[in-house]
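Me: Could you walk me through how to read ring and charge features in a structure? I'd like the general idea and then the case at hand.
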Amino acid sequence: MVNKIKTARQTALAVLEAVFSEGAYSNVALNQALLGVPLSSADKGLVTEIVYGTVARKITLEWYLSHVIEDRDKLDSWLYILLLMSLYQIQYLDKIPAHAVVNEAVELAKARKKGSEKFINAVLRGLLRDGVADIGSIKRKNKRYSIQYSLPVWLVKVLIEEYGEKRALAIFESLFLRNKASIRVVDLSRKEELKQVLQAEDSLLAPSALVKSHGHFAGHALFEEGAITIQDESSQLVAPTLELRGDEKVLDACSAPGGKTMHIASYLTTGQVTALDLYEHKLALIKENAQRLGVADKVITKKLDARKVFETFGADAFDKILVDAPCSGIGLIRRKPDIKYNKENADFASLQKIQLEILDSVCQSLRKGGIITYSTCTIVSQENFQVVEQFLAAHPNFEQVKLEHNRQDILKDGCILITPELYGSDGFFISQFKRIS
């Protein structure tokens, strides 16, 4: 048992080093690491918990450590990361005895660099003895929330301004809850049958979705055979807004990894969807998904910057267009906690510029009477409502189409806005425009 847990923690440390020291994405680094180690499912669960938990609580953990470590820059980076992940386990994982966490950390340090185990032992035992510093003692409110919820101050400020303090705090709280596992059922006539097989529940948001509190659907035979595909319930609301009859020429302007492309293709009979992306490896992923889901004959892939759509395809090329725009990804923090530490995500102005440039290009290739659905996985107005406003102001030949949903709490100004605390889904935004002349 000891060796197993030690291997699990060694794996967690290696993943966290890749994330914090090399800038790797936590979900990608974790998946790669778990493929390469012979761990039990319980141990893989422990690695996942330590990695995501440490990344999600990084700002809080660093603040706690700043009270007991004089100069972190003098420490080897792996040693500091080992302290972070050990403190995470002590503070937040009730089922693991604190002494076991300390012992494992000491063993890991000893194996890595002789003498470092004494430092690790002293710091962790000191924290066990004296407890951590009190976050409530921080006077400035935004700073206090930043430390408490492990969010950068800029994001705390933006979300409080946007949603008011009460709702912003509910959003912050919700980001620590484990993300649900969510799938799209490909053939809806089989939904009840698959619900029983997978012991899942109906989504409250999307009729095509089944959800579970946790689960590894990608390893299931139903996934292999193309009966289900992994897609968050919120993003399953996008394709239906296009109201496809089946014979349309559709453009998915920013398609990778292809979940929405596949959903669009599922509605098509004689029609086709052209899926664009900037990178070949992402287009290969789309083709692979199309094969697995049996819609390869409906999907054309093309390597292209979505801002070049009009000069490539010309006028009146498409009946319907989806712009699932590049964005800050703030709505995905629960699933991808490292998003909040990426400084570029705070640059909403330059993201908005790209979003408007894409819309400006694609709208010229839409035929009269056609519709554009514009969506993002962010919950910040600058990338959502402001984009809608500016697009309509600059394009008098378009009007907004007001979207409907039976859940009134996700409707705002004719758009769909889902924040993460409402249904435990990703945060998501959907709007729509129609070309009237």
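Me: Where does the charged end of Arg292 sit?

Reply: A charge counts as over a ring if NZ of Lys or CZ of Arg is within 6 Å of the ring centre and within 35 degrees of the ring normal. Here the charged end of Arg292 sits over the ring of Phe223, 3.6 Å from its centre. Likewise, the charged end of Lys58 is over the ring of Tyr341, 4.8 Å from the centre. This is a predicted model, where local features need pLDDT of at least 70, side-chain atom pairs count only at pLDDT 80 or more, and totals for chains, interfaces and linings use all residues. Residues are numbered from 1 along each chain as its sequence is written, and side-chain values use heavy atoms, leaving out hydrogens and water.

Me: How many aromatic pairs does a search of the whole structure find?

Reply: A pair of aromatic rings is described by the distance of the centres and the angle of the planes. Rings of Phe, Tyr and Trp (its six-membered ring) pair if their centres lie within 6.5 Å; planes under 30 degrees apart are stacked, over 60 edge-to-face, and the rest tilted. The search gives ten pairs. One of them, Trp154 with Phe348, is edge-to-face, at 6.0 Å between centres and 70° between planes.

Me: Which residues do ring pairs link into a cluster?

Reply: That cluster holds Tyr145, Tyr149 and Phe172.

Me: Is Phe348 buried or exposed?

Reply: Buried means under 20% relative accessible area, exposed over 50%, and partly exposed in between (1.4 Å probe, protein chains only). Phe348 counts as buried because its relative accessibility is 5%, while Trp154, at 22%, is partly exposed.
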